[in-house]
Amino acid sequence: MATANVSQPKMALVVHADMGVLSAFQGALTKNDFVTIVARDVPTTLLAMTQHYFDLAIVSSHLNEPGDGWPVAGVLHLAFPKCFVAVLAPETSVLTLQAAINNGVREIYHQSTPAAEVVAAILAELSPSSSGRNSKKLQ
Amino acid sequence: MSRKPSILIVDDEVNVARTLKMVFEHEGYEATTAHSCAEALELLSNSHVFDIVMTDLNMEKEDIGLEVARKAMHLKPRPVVVICTGFASTFNASAALKIQVDYLATKPADLKELTNALNRLVMLRRASGKGGA
């Protein structure tokens, strides 16, 4: 019996309270062949997680209040261990980096970095030949 | 019956290493200590298998604990890799994120929080079939 040659689309989840930011990321990810699901809050994120398998997730560290995006990123890492989880954060500090490490986040980007640059940096990280370093990361 | 989880504690302050050893033995771990990066690297190169490798950063040299973390990250099976430091900086925390360590604790560490986090990470690793020894 012939088997169907079905390739799964790459799935991305963007979690951010700002509709404009969501739209920018959706555009940038779609250009790079990701099917992109967006969520503005935790309940919508959880619903999306029950319905899709994600290869990439970009989460704001500030959803409803400062810092509440970190556990969302942590849960995404637990549910999808192979998913590249990135967080958009407002500042560089040891506490930010510690939150990233302890929640299984792969990379943090400054929240003001344009969506296209964040997506390009993530794709560079995901590329097998990448040395994975990008100047737009939080320094 | 499952075997005891094992932990390698790397800290050049003997009293800190001893205290952490007691804490983790009380938690049911088989704990081994090393007091320098060199000693830890020798243990890790010597077929010892640990569920957790927890290292200080500043020992023989500043941030040399990152070498222990890097070595541990390349072991198979890969242990849970933890950095426990009193001198966290954006530089060494960025390096720790880059090498994808599992946990970063700052001293003085909340021991309950630390043991809870490490127990959780070991359980997850075992559940996913990637557990240590």
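In which loop of chain B does B:Pro77 lie? In this predicted model, the residue sits between helix H3 (65–73) and strand S4 (80–85) of chain B. The bond from B:Lys76 to B:Pro77 is cis, with omega near -5°. A cis peptide bond also joins B:Lys107 and B:Pro108, where omega is about 0°. B:Pro108 is placed in the loop between S5 and helix H5 (111–127) of chain B.

Strand S1 (residues 6–10) and strand S2 (residues 30–34) of chain B run parallel. Five bridges join them. Within this pairing, B:Ser6 stands opposite B:Glu30 in S2(B).

Chains A and B are in contact through nine residues from chain A and twelve residues from chain B. On the chain B side, helix H4 (90–98) and strand S5 (103–106) each supply at least two residues. H4(B) gives the most, with five residues. By class, this side of chain B has seven nonpolar and five polar residues, and no charged residues.

A:Asp33 counts as exposed because it has 9 C-beta neighbours inside 10 Å, and the cut-off for exposed is 12 or fewer. B:Asp63 is found in the loop between strand S3 (52–55) and H3 of chain B. With 17 C-beta neighbours inside 10 Å, B:Asp63 therefore counts as partly exposed.

Definitions and conventions
Residues numbered from 1 in each chain as written. Chains lettered and ligands numbered in written order. Predicted model: local features only at pLDDT ≥ 70, side-chain atom pairs only at ≥ 80, totals over all residues. Pairing = 2+ DSSP bridges. Helix = DSSP H or I, 4+ residues; strand = E, 2+ residues; numbered from the N terminus. Contact = placed C-beta atoms within 7 Å. Nonpolar A, V, L, I, M, F, W, Y, C, P; charged D, E, K, R; others polar. Buried ≥ 20, exposed ≤ 12 C-beta atoms within 10 Å, placed from the backbone.
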